[in-house]
Amino acid sequence: MKSSTLVRFEKPAQPVAPGTDHFAIDGHKLIYHPRRVSQWLDAGDDWQKARNIYPLYVELSPVGACNHRCTFCAVDYIGYQAQRLDLDRITPRLREMGELGVKSIMFAGEGEPLLHKQLPEMIEVCADSGIDTAITTNATVVSDKFLDRALPHLSWIKASVNAGRATTYANIHRTDAGDFPRVIANLQRLVEQRERHAHRCTLGAQSLLLPENRHEMVELARLCRDHIGLDYLVVKPYSQHRFSDTHLYENTDYTAMDELAEALAAENREGFNVVFRDATMRKLDEPQQQRYPRCHATPFFWAYVMADGSLYGCSAYLTDPRFNYGNLNQQGFKDIWQGERREASFRHVRKQLDIRDCRTNCRMDDINRYLHALATDSVAHVNFI
């Protein structure tokens, strides 16, 4: 159980009812960046204007290697290659990103980010450059150096914990069952360090809802809340990646989830919420072509950096040359972002890309819905505010 001496420091500015998704995890936050959206609206088909619109958010993969082989892994096709970003090379690129208007970087990627021993230094560079940072991790490796140097600067950490029991966890993560208590202990260390030093890092867990773990979700919620002391647990649906070698969960049915949603909602308390992504689950059954006719978010509002330094405009198309704009080991961020390859991608996405080939419920889905409404006046009577 949590120690009675622990005090929570990461709270919303105003009281929020238990169960409220006050981090907008099952939504989007582009509405809080009206200047960048205005740039996008003004640019339209004009590349000379579009070339100067830099991403708000970047996903960055410090390493390609991973110590797990999860049954649901979307990037298995890349091959978990033993590549890593060099600190000396990436440091000036991170500083350049901050100068150009990148607001946030999430360290995740093809591999397990905490396997990079110089990740704390990267996070310090980002903090010094005015960039907010976060990490998605399996939390099997948490060093004292990470606790001391990285945790003070992070906005949030989300651990991928896809079961409530060790045996199920080992089967899904395809690892030794001993990793399960190790992850729990590491998350407890993060909570204790945060609260001892009053860091403002939000600490949470997430789990894909799969046939073999759905009966353990309530158990996982209680573990996260009572034993570890996390701020939230996200339970979300599986989405098939178009390139993935894994098709085990491609036809998972999420249509009868009301009972589980109610059971998880009952576990909400002040200071702990289960974010059950039922809105995202419902969207899985929508016809893709009825959402929006093209992707508006790419190549503008986000970017992805692979462990080999390649800069992409969309994480759903890693290794696809149409979305590879250059390599940060060879060029600066601005030169790549304003270069010919991004221009070609800009024109391809606007005129040729068939979004029916894209990943359902992609990372930018809610943002695309929002931008489509803005760009097409598809909402009636907009002047009656």
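Good morning. I begin with the second largest pocket, which is lined by 23 residues; T252, Y254, M281, L284 and D285 are those nearest its centre. The space in this pocket comes to about 420 Å³.

Of the elements involved, α10 gives the most, with 3 residues. By class, the lining of the second largest pocket holds 9 nonpolar, 5 polar and 9 charged residues.

Let me turn to confidence. The average pLDDT of the chain is 91, and 94% of the residues score at least 70. Over residues 1–16, however, the pLDDT is below 50, and this stretch has 31 contacts in the model beyond near neighbours in sequence. Where pLDDT is low, the predicted coordinates should not be read in detail.

The largest cavity has a volume of about 150 Å³. Its lining comprises 20 residues, and C295, C358, R359, C362 and N368 lie nearest the centre. Divided by class, the lining of the largest cavity has 12 nonpolar, 5 polar and 3 charged residues.

R359 also brings us to H241, because R359 is among the residues in contact with H241 when neighbours within four places in sequence are left aside, given that contact means heavy atoms within 4.5 Å. H241 sits in the loop between β6 (232–236) and α9 (258–265). Is H241 buried or exposed? H241 counts as buried, because its relative accessibility is 2%. A polar atom of the H241 side chain lies 3.4 Å from the backbone oxygen of A316.

I close with some points of backbone geometry. The peptide bond from T298 to P299 is cis, with omega near 0 degrees. P299 is found in the loop between α10 and β8 (302–305).

Y80, a residue other than glycine, has a positive phi, near 50 degrees. Y80 is placed in the loop between β1 (57–60) and α3 (87–100), and at 15% relative accessibility Y80 counts as buried. R174 is not a glycine either, yet has a positive phi of about 50 degrees. The loop that holds R174 runs between α6 (166–173) and α7 (179–197).

Thank you for your attention.

Terms used: Residues are numbered from 1 along each chain as its sequence is written. This is a predicted model: local features need pLDDT of at least 70, side-chain atom pairs count only at pLDDT 80 or more; totals for chains, interfaces and linings use all residues. Side-chain values use heavy atoms; hydrogens and water are left out. pLDDT is the predictor's confidence in each residue, from 0 to 100. Helices (H or I, at least four residues) and strands (E, at least two) are DSSP runs, numbered from the N terminus. Buried means under 20% relative accessible area, exposed over 50%, partly exposed in between (1.4 Å probe, protein chains only). A polar contact is a pair of N or O atoms within 3.5 Å; within protein, one must be able to donate a hydrogen and the other to accept it, and residues adjacent in sequence count only if both atoms are side-chain atoms. On a 1 Å grid over the protein atoms alone, a cavity is a set of points where a 1.4 Å probe fits but cannot get out, and a pocket is an open set with protein on both sides within 12 Å along at least five of seven lines; lining residues have an atom within 4 Å of a point. Grid points are joined across faces, edges and corners, and a volume is the space filled by probe spheres set on the points. Ala, Val, Leu, Ile, Met, Phe, Trp, Tyr, Cys and Pro count as nonpolar, Asp, Glu, Lys and Arg as charged, and the others, Gly among them, as polar.
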